[in-house]
Amino acid sequence: MALNVVVLVGGVGGAKLAFGLARILPPEHLTIIVNTADDFWLYGLRICPDLDTILYTLSGLVDRTNGWGVGGDTTIALDALRRYGEETWFRLGDQDIATHLLRTGWLRDGERLTTIVARLSAALGVRQTILPMTDDPVATMVTTAEYGEIGFQTYFVRYRWQPVVTGLRFEGIERAAMTPEVQAALERADIILLGPSNPWLSIDPILAVPGLRALLIARPVPRVAVTPIVGGRALKGPAAKLMVELGYEPSPEAVVRHYGEAINGFVYDRSDGFLSLPLAHVAAFETIMKFDNDKIYLAQTVLEWIKSWVSLQV
Ligand code: FO1
């Protein structure tokens, strides 16, 4: 019998592992819980970059160079917005805008983000379950040395994550409710994975949804994080830079310590040699996922390793 696997992810890095898992698991056995704290409003549209990255990756529509947006998309609407004097630092493609138009309309009609994602998934032929971490609006706010507190996408895209970060907060998180779908998925899970996403920017908002971290910790199943840090550097994006700015060493050890009780297993990269980590279950694999084969290999290797350790315990 296939196991139920739940994976917590942010954007591009997590999407790669989700892709690998989707290739080897029956679709009804894979649930992807996605960060929504990088969602924001732009031109009156609700944009959910991490959700869309997962949706486009699993449907095969994704732009394979960027890892986000729709492959081959044009930017005619963005050019027209520029003509009106609008700022266009966030590159929204024309096909991508169709997703935002529908989602915004459905949200305005009072529909939950969870059911909206299910509708979009079904229309794009995605059979795995993609769940937003919450239906409620949460916004990552980044305090920077240069600009004070700014929204996440302003920090990440507009300023290309160059400002020095002195603090982070997730606006609205206290009022965010865990959805019944997220709760049920975690309660049913045989294996819970934390993808190689940024622990502070992508995974922390998910764990900060009231009750979610406690539910995770209470589950007596493998809860395994895959490292986003290899050789002291981030696989993608600002994880290593951010860790230094927040006073941590950019290392797998610091990631393990940060996750604390939320995990009981950890996968780091083979190139980091032998690491002594304060966890019962630790493995070193090839974690860099450049090609589709790498994604499938890592997903397969991690699941096989977890299954071997679970059967040893039984
Ligand atoms: N990332 C960029 O670096 N530049 C962009 O212009 C950009 C546009 C964009 C449009 C739609 C979308 O779904 C994602 C987009 N991203 C862009 C990626 C995204 O903002 C980040 O990767 C995530 O928010 C971080 O997890």
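I count a polar contact as a pair of N or O atoms within 3.5 Å. With that settled, I opened this predicted model and went to the ligand.

I started with Gln-153, where a polar side-chain atom lies 2.9 Å from an oxygen atom of the ligand. Taken on its own, the ligand has 530 Å² of accessible area, and the protein covers 89% of that. I then turned to Asp-38: a polar atom of its side chain is 2.6 Å from a ligand oxygen atom. For Trp-68 I noted 3.5 Å between an N or O atom of the side chain and a nitrogen atom of the ligand.

**Entry: the shell**

Which pocket holds the ligand? I found the ligand in the largest pocket. I listed 14 residues around the ligand, and Asp-38, Asp-50, Phe-90, Arg-91 and Gln-153 come nearest. By type, I sorted the shell into 8 nonpolar, 4 charged and 2 polar residues.

Helix H2 (49-59) and helix H6 (152-158) each supply at least two shell residues.

Is Arg-160 buried or exposed? I have it down as exposed, because its relative accessible area is 61%, and the cut-off for exposed is over 50%.

**Entry: another positive phi**

I also stopped at Tyr-43, again not a glycine, with a positive phi of about 50°. I placed Tyr-43 in the loop between strand S3 (40-42) and strand S4 (45-47). Tyr-43 counts as partly exposed, because its relative accessibility is 26%.

**Entry: helix H11**

In helix H11 (residues 252-259) I marked Pro-252, Ala-254, Val-255, Val-256 and Tyr-259 as buried. After H11 comes Gly-260, and I read a positive phi near 55° there.

**Entry: His-281**

Last, I looked up His-281, which lies in strand S14 (residues 281-285). I call His-281 buried, because its relative accessible area is 18% and buried means under 20%. What does its side chain pair with at 2.8 Å? I found the side chain of Trp-309, joined to that of His-281 by a polar contact.

How values were computed
Residues are numbered from 1 along each chain as its sequence is written. This is a predicted model: local features need pLDDT of at least 70, side-chain atom pairs count only at pLDDT 80 or more; totals for chains, interfaces and linings use all residues. Side-chain values use heavy atoms; hydrogens and water are left out. A residue is near a molecule or strand if one of its heavy atoms lies within 4 Å of it. A polar contact is a pair of N or O atoms within 3.5 Å; within protein, one must be able to donate a hydrogen and the other to accept it, and residues adjacent in sequence count only if both atoms are side-chain atoms. Accessible areas come from the Shrake-Rupley method with a 1.4 Å probe; for residues, only the protein chains shown count as cover. On a 1 Å grid over the protein atoms alone, a cavity is a set of points where a 1.4 Å probe fits but cannot get out, and a pocket is an open set with protein on both sides within 12 Å along at least five of seven lines; lining residues have an atom within 4 Å of a point. A molecule sits in a cavity or pocket if more than half of its atoms lie within 2 Å of its grid points. Helices (H or I, at least four residues) and strands (E, at least two) are DSSP runs, numbered from the N terminus. Ala, Val, Leu, Ile, Met, Phe, Trp, Tyr, Cys and Pro count as nonpolar, Asp, Glu, Lys and Arg as charged, and the others, Gly among them, as polar. Buried means under 20% relative accessible area, exposed over 50%, partly exposed in between (1.4 Å probe, protein chains only).
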